[in-house]
Amino acid sequence: MTEIPIPHFVDLFAGARSLSERLRQMHEQLRAAVPLLDRVACALYDESEDRLKTFLHSTLTGEALRGYEFPLHESRSLLALARSGEMRVLDHIPKVIGQGSEHARWLQQQGYQSSFTVPMYGQGTLLGFVFFDSLQPEVFTATVQRDLVLACSLINMMISSEMATVRMMLASTQIARDFANLRDFETGAHLERMSRYARLIARAVAPRYGLDDEFVENIYQFAPLHDIGKIGIPDRILLKEGSLDAAEHSIMETHVELGCTLVGKMMGDFRLNDLPHSAMIHNIVAYHHELLDGSGYPKGAKAPDIPIEARIVTVADIFDALTSPRPYKEGWPTDRALAELQRMAEAGQLDPHCVAALAQERATIDDITRRFCDTP
Ligand SMILES: [Fe+2]
Ligand SMILES: [Fe+2]
């Protein structure tokens with residue numbers, strides 16, 4: 001068994017490549033030492049919802065498992081690993097695998113014979129799991145395990161450092177708001193809800209637009225930044241009770257350009273211009289008020305120029321704005337808001353697939369609005 005050339009891993013942290021690309025590169029390098037390693041995948045744990053979600057994968061043969069999530073407490077074996085911090089080796093999967101779950105069915109269909117599962121932690125809490133699979137039995141010997149554990153800590157570092165970056169940007173915005181003494185104009189609950197609606201839509205349109213799980217997760221992470229530019233809008237306009245006049249409207253609309261300048265500066269200050277997803281962050285901020293027929297602002301951009309991440313965030317943001325109460329209006333019932341989105345889609349303003357995706361998820365919408373309501 002050859003040792004894995006550790007120095008080669010260093011360039012996993014260089015350059016503007018997505019985590020998925022870097023995982024594929026790492027898989028290639030690992031195969032130099034473990035040629036029978038057919039799949040490396042990483043699932044993320046969302047503690048607030050107790051759900052484990054597919055996130056990154058590098059799958060050599062067969063069909064990849066994507067867009068899949070389930071409550072962690074439903075998997076006794078993974079839950080036990082999460083709690084104990086132990087790793088699990090399965091040498092003969094078909095002999096031990098249970099029936100019933102989509103994951104079990106998928107594992108059997110792919111013909112994986114052995115696997116090695118490692119829980120990942122960040123700051124004492126469960127971050128997720130790394131799964132290594134092989135089409136051959138008994139691949140994960142003690143030596144192989146030792147090498148793969150090293151790879152796991154690198155995967156953990158790659159993911160954690162990206163997440164820390166996003167959290168740092170959100171925290172900086174919060175500090176800027178507090179510093180400017182702004183009251184909570186965009187409630188935390190609005191951001192919680194709209195980012196979840198955005199993820200819901202992204203997951204549903206993923207096959208049509210070719211979005212991977214990492215892209216879907218990033219939309220969820222970055223959506224709360226959409227109105228970051230509002231910290232530059234004067235209180236008398238931002239917090240005005242009642243509708244804005246034309247002059248006030250045009251000042252309000254500058255929050256998009258202010259937002260672009262701000263994220264550009266933050267990414268420069270934090271040296272994040274290389275971050276693979278800086279383009280997604282910029283697109284969400286820059287295009288979240290653009291409409292596909294060119295009637296939005298600030299650019300009046302049209303359909304082909306409006307990226308999918310912005311189309312998704314726009315639908316999620318409008319839906320939450322319609323269903324939330326404002327000083328000058330009641331919150332609309334879900335049906336009425338969905339009908340309005342449908343009308344806008346038919347008028348060529350919103351992406352019809354994003355609107356349809358949201359409309360199909362009534363139960364989840366109700367769950368999100370119940371869990372993250374504005375009033376205690
Ligand atoms: Fe906005
Ligand atoms: Fe918003």
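Start at Leu44, whose bridge partner in β2 is Lys53. Strands here are DSSP runs of E with at least two residues, helices are runs of H or I with at least four, and both are numbered from the N terminus.

This is a predicted model, in which local features need pLDDT of at least 70 and side-chain atom pairs count only at pLDDT 80 or more, while totals for chains, interfaces and linings use all residues. Residues are numbered from 1 along each chain as its sequence is written, and side-chain values use heavy atoms, without hydrogens or water.

Zoom out and you get an open sheet of 6 strands, ordered β3-β2-β1-β6-β5-β4 with antiparallel pairing (a pair takes at least two DSSP bridges). At the edges sit β3 (69-71) and β4 (88-90), each pairing on one side only.

Two helices to look for: α1 (residues 19-33) packs on the sheet and touches β1, β2 and β6 (125-134), and α7 (residues 213-222) also packs on it, touching β1 and β2. Contact means heavy atoms within 4.5 Å.

Now the cores, meaning sets of buried Ala, Val, Leu, Ile, Met, Phe, Trp, Tyr and Cys residues joined through side-chain atoms within 4.5 Å, with buried being under 20% relative accessible area (1.4 Å probe, protein chains only). The largest has 53 residues, and helix α12 (residues 308-323) gives the most to it, with 9. Beyond its neighbours within four places in sequence, Val315 contacts Ile201, Leu341, Leu350, Cys354, Val355 and Leu358. A second, separate core of 29 residues includes Ala33, Leu56, Leu154 and Met163.

Methods
Chains are lettered from A and ligands numbered from 1 in the order in which they are written. Axes are lines fitted to C-alpha atoms, for helices over the stretch in contact, and angles run from 0 to 180 degrees between N-to-C directions. Buried means under 20% relative accessible area, exposed over 50%, partly exposed in between (1.4 Å probe, protein chains only).
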